[in-house]
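Reader: I've got a model open and would like to talk through a few spots in it. Can you take my questions one at a time?

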Amino acid sequence: MAWTLRRLTCVLAFASIALSATASEAPSACDHGVAWQVLGSGGPELNQRAQSGHVLWIDGKARAVFDTGAGTAVAFGKARGRIEDLDLIALSHLHTDHSADLPAYVKASFFGERRRDLPILGPPGNNVFPSLEAWLAALFTGEHAAYPYLAGFLQPEGAAYRLRPATLQLSDGDIATVFTGPNFSVRATPVKHGPIPALAWRIDVQGRSVVYLGDTDAQAPALLELAQGADLLIANLAISEHSNDSVASRLHAPPSRIASLAQRAGTRRLLLSHLMQRSEQALPESLRIIRAIYSGPVEVAQDGLCLPLPLRNNATHTKKGPA
Ligand SMILES: [Zn+2]
């Protein structure tokens with residue numbers, strides 16, 4: 001009996017330590033003001049990085065999610081994001097490494113207290129990819145839906161709130177305001193990502209601006225205007241400068257093109273994300289190339305990285321010569 005009691009006491013003591021550790025988590029840089037957090041900094045490979053996903057924080061609340069690649073829904077929970085606080089989910093395109101966790105967010109919300117509708121923005125379809133709305137129907141409401149038990153989130157009745165999808169039909173060169181809410185606004189432009197319909201986003205929030213390229217070759221002419229003067233540019237560093245993979249090179253931007261865009265647009269800070277094995281191996285060379293062209297600060301994304309976005313001042317980085 002004494003042994004059993006001692007053992008029980010130890011178990012309770014351990015449980016108490018575990019609970020207090022959870023309750024006293026260190027405050028995050030995302031707890032105050034405006035901040036951008038990387039949920040997933042990887043690409044389609046399965047490794048130590050979650051796939052692509054980012055979250056906009058305003059005053060300690062997760063207000064918008066940009067891309068929902070595999071692993072990012074769990075990362076959102078670990079970051080203490082609440083689906084109830086979201087004003088928007090935006091998907092740059094429907095490759096799995098940018099979208100696969102969307103059903104996980106939707107199902108998780110069933111157990112929360114969300115009651116207001118949730119806008120979700122995404123690309124149009126073509127002969128190789130469905131539109132956002134066709135994709136959601138294939139997941140939840142179509143005749144052969146993958147998850148028909150979640151159909152209520154897209155139908156007039158049946159769930160506590162509705163997803164409000166909007167497929168963005170934009171012409172090349174267009175920059176359109178696609179979301180205006182009480183906390184931030186979003187503009188979008190179509191970008192080139194091989195044959196896959198894809199979008200880049202600019203988020204304007206309380207005097208700050210963030211441009212998220214998603215996944216692109218970064219050659220769309222409107223990107224220069226979209227990224228103009230942004231406080232933070234998030235680019236996909238998925239290939240090396242001298243990639244001999246012609247398919248990958250059609251889909252992604254080499255380091256020099258990313259740096260040239262950031263420099264010409266006068267963006268104040270550059271964050272490199274969507275890292276893959278091939279781009280990680282070439283990272284030292286890629287950073288040398290980027291820093292020779294772009295004179296602002298450059299950071300390499302890690303999962304969970306939180307970047308506070310202080311109010312801008314008039315300081316800008318030094319312009320280098322034409323790139
Ligand atoms: Zn992609």
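Reader: In the hairpin of strand 2 and strand 3, which residue takes a positive phi?
Author: Keep in mind that this is a predicted model. Strand 2 (residues 53-58) and strand 3 pair antiparallel over 5 bridges, with Trp57 partnering Ala62 in one of them. The hairpin leaves 2 residues between the strands, and the one with a positive phi, near 50 degrees, is Asp59.

Reader: And how many bridges join strand 3 to strand 4?
Author: Those two belong to a right-handed β-α-β unit, with helix 2 as the helix. Strand 3 and strand 4 run parallel, and Phe66 has Ala90 as its bridge partner in strand 4. The number of bridges joining them is 3.

Reader: Is Leu86 buried or exposed?
Author: Leu86 sits in the loop between helix 2 (72-78) and strand 4 (88-90). Its contacts beyond four places in sequence include Ala62, Ala64, Phe76 and Leu118, and its C-alpha is 5.4 Å from that of Ala64, 22 residues away along the chain. Buried means under 20% relative accessible area; Leu86 has 0%, so it counts as buried.

Reader: What do the angles make of the zinc ion's site?
Author: The protein donors are His93 (NE2), His95 (ND1), His193 (NE2) and Asp215 (OD), 2.2 to 2.5 Å from the zinc ion. Of these, His95 and Asp215 are 120 residues apart. Tetrahedral would need all angles between 85 and 135 degrees; the 4 donor atoms here give 85 to 157 degrees, and the site is irregular.

Conventions. Residues numbered from 1 in each chain as written. Predicted model: local features only at pLDDT ≥ 70, side-chain atom pairs only at ≥ 80, totals over all residues. Heavy atoms only, no water. Helix = DSSP H or I, 4+ residues; strand = E, 2+ residues; numbered from the N terminus. Buried < 20%, exposed > 50% of the residue type's maximum accessible area, 1.4 Å probe, protein only. Contact = heavy atoms within 4.5 Å. Donors = N, O, S within 2.8 Å, 3.2 Å for Na, K, Ca; no water. Tetrahedral: all angles 85-135°; square planar, octahedral: opposite > 155°, others 65-115°. Pairing = 2+ DSSP bridges. Right-handed = clockwise from strand over helix to strand, strands pointing away.
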